[in-house]
Amino acid sequence: MTVEPDGTKFQRDKAVFEQNCLQLRALIQEFHKTPLMSATLTGGLLAVMSVFRNHDEQFEEFAVVVCTLIALFNAMIGLSCIRIRDVMQCYIEKASLFSEDFGERGGRPTKPILAGLGNFSIAIGYAILMFVVALTAIVLPFAAYGCTWFNALPLIVTTLGLSLWYGSAHLRNRQDYVDPVVAFYNKKGREYIEETLPLDLTDVIERFAKHLPTGGRVLDVGAGSGRDSKSFLDRGYKVVALEPSKVLAVHLRGIEGLEVREEKAQNLEEVETFDGIWACASLLHFDEKELAGVMKRLCRALKPNGPFYTCFKNGDGVRLPAKDGILFHDMTPDRLNKLVADNGLKVIEMWSNKSRLHGSNEAHWNNVIARKPF
Ligand SMILES: C[S@@+](CC[C@H](N)C(=O)[O-])C[C@H]1O[C@@H](n2cnc3c(N)ncnc32)[C@H](O)[C@@H]1O
């Protein structure tokens, strides 16, 4: 890839890369904690057991309980390693936007000191090591403290079962604690609600609602303050608010009749479920690749003939992070037109308007209402 240091493409790639670096830094900090946690807890519990060994008549039962705790904890660490590996893989894929051959080379520098050893293979090695440590920590206490295998085996199976269940529930929830966008809205939550709740979007809501069946089900993607969800509810529609920020989701749960899902649009699994999809200013934190994936999911979730609304600030593609390292994606009317057309939607109307934020000097916004064909 040819890099033009002053070009827009370079600036865009740099924005994506910087965002990934922030995420990776947070992730690596989490990664470093795992062996320390495992060693501290396992060692601590084993030490407690050795104190009780000579004094407690019911040592055998006590040992089984403590061994179970150790097993549970270490199995969770094993699961966390899988999770961290997955998230790292995802960032490495995103960083490949910065350099087209980044993914193929596994993130290795052009002249590595240790050829064949990239960050990713170290991460895998680390994860395997943690697994070995975790498994040893499950087996060793039982062996060392003389519990019979007959007693221990059902406990190990139950422990692993519970850990897998807990781990998969966590994965299903798929909240990326390192997602800087979600972290940004969590931090800015109250201030953001105060700023955007009073905005009046009645004109746009009416333009969109004309295409909805009476009492239909609307998905509000990135519902934020719930301003628009509430407006749809007041007009007799059923509304599902999708909002990954915990702070905003807590606020949304206070709106009567609103179904709130604390989830990301990237995880939407529904097929032809919603009569309309409303995504007001909520697709603008995705880079090119992520936006394409989210659009696919949204279009799949929309019923045939259902309307889709979204808006972006006017501009040409991904912008350098303005604050808190988060990415902004701007769209010219042409790009917006292409976005909906590429996803098989038919444009009903497109228009531009000035920012509705009080006293804002921001560039204007481009809006589109489109329809999914039968
Ligand atoms: C600029 S705000 C728009 C909020 C609201 N729709 C409005 O018009 O006031 C972007 C919203 O998208 C949400 N968001 C961020 N990442 C998201 C994701 N991955 N999936 C769905 N929503 C997301 C944010 O939490 C925030 O509520």
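Leu219 has Ile277, in E4, as its bridge partner, where strands, labelled E, are DSSP runs of at least two residues and helices, labelled H, are DSSP runs (H or I) of at least four, both numbered from the N terminus. The strands E1 and E4 run parallel and are joined by three bridges; two strands are said to pair if DSSP finds at least two bridges between them. This is a predicted model, in which local features need pLDDT of at least 70 and side-chain atom pairs count only at pLDDT 80 or more, while totals for chains, interfaces and linings use all residues. Residue numbers start from 1 along each chain as its sequence is written.

E1 is also joined to E2, by five bridges, and these two strands run parallel; here the bridge partner of Val221 is Leu242, in E2. Both pairings belong to an open sheet of seven strands with mixed pairing, whose order is E3-E2-E1-E4-E5-E9-E8. At its edges are strand E3 (259-261) and strand E8 (346-353), each of which pairs on one side only. From one strand to the next the twist averages 15 degrees, with axes taken as lines fitted to C-alpha atoms, for helices over the stretch in contact, and angles running from 0 to 180 degrees between N-to-C directions.

H7 lies across E1, E2 and E4 and runs at about 170 degrees to E2. Within helix H7 (residues 227-234), Asp228, Ser229, Lys230, Ser231 and Phe232 are buried, a residue being buried if 20 or more other C-beta atoms, placed from the backbone, lie within 10 Å of its own, exposed if 12 or fewer do, and partly exposed in between. The cover over these buried residues of H7 includes helix H6 (202-209), strand E1 (217-221), strand E2 (238-242), helix H8 (246-252) and strand E4 (276-279). Just after H7, Gly236 takes a positive phi of about 90 degrees.

What does the burial look like in E1 itself? Four of the five residues of E1 are buried, so the strand is mostly covered. In the largest nonpolar core, which has 49 residues, those with the most contacts inside it are Val218, Leu219, Val221, Ile277, Trp278, Ala279 and Leu298; such a core is a set of buried Ala, Val, Leu, Ile, Met, Phe, Trp, Tyr and Cys residues joined through C-beta atoms within 7 Å. Apart from it lies another core, of nine residues, among them Met49, Ala63, Cys67 and Ile77. Leaving aside neighbours within four places in sequence, Ala279 is in contact with Val221, Gly222, Leu298, Tyr309 and Thr310, a contact requiring C-beta atoms, placed from the backbone, to lie within 7 Å.

Around the ligand there are 22 residues, and the closest are Gly222, Gly224, Lys264, Ala265 and Ser282; a residue counts here if its C-beta atom, placed from the backbone, lies within 6 Å of the molecule. Helix H5 (residues 180-196) gives the most to this shell, with four residues.

Asn186 has its place in helix H5 and counts as partly exposed, because 17 C-beta neighbours lie inside 10 Å. Not counting residues up to four places away in sequence, Asn186 touches Ser245, Lys246 and Val247. The C-alpha atoms of Asn186 and Ala249 are separated by 9.6 Å, although the two residues are 63 apart along the chain.

Some loop residues deserve a separate look. Most residues other than glycine have a negative phi. Glu272, in the loop between E3 and E4, has a positive phi of about 40 degrees although it is not a glycine, and Glu272 counts as partly exposed because it has 13 C-beta neighbours inside 10 Å. Ala281, in the loop between E4 and helix H9 (288-301), has a positive phi of about 55 degrees although it is not a glycine; with 16 C-beta neighbours inside 10 Å, Ala281 counts as partly exposed.

For the protein as a whole, there are 10 helices and nine strands, and 31% of the 374 residues count as buried.

Technical notes:
Contact = placed C-beta atoms within 7 Å.
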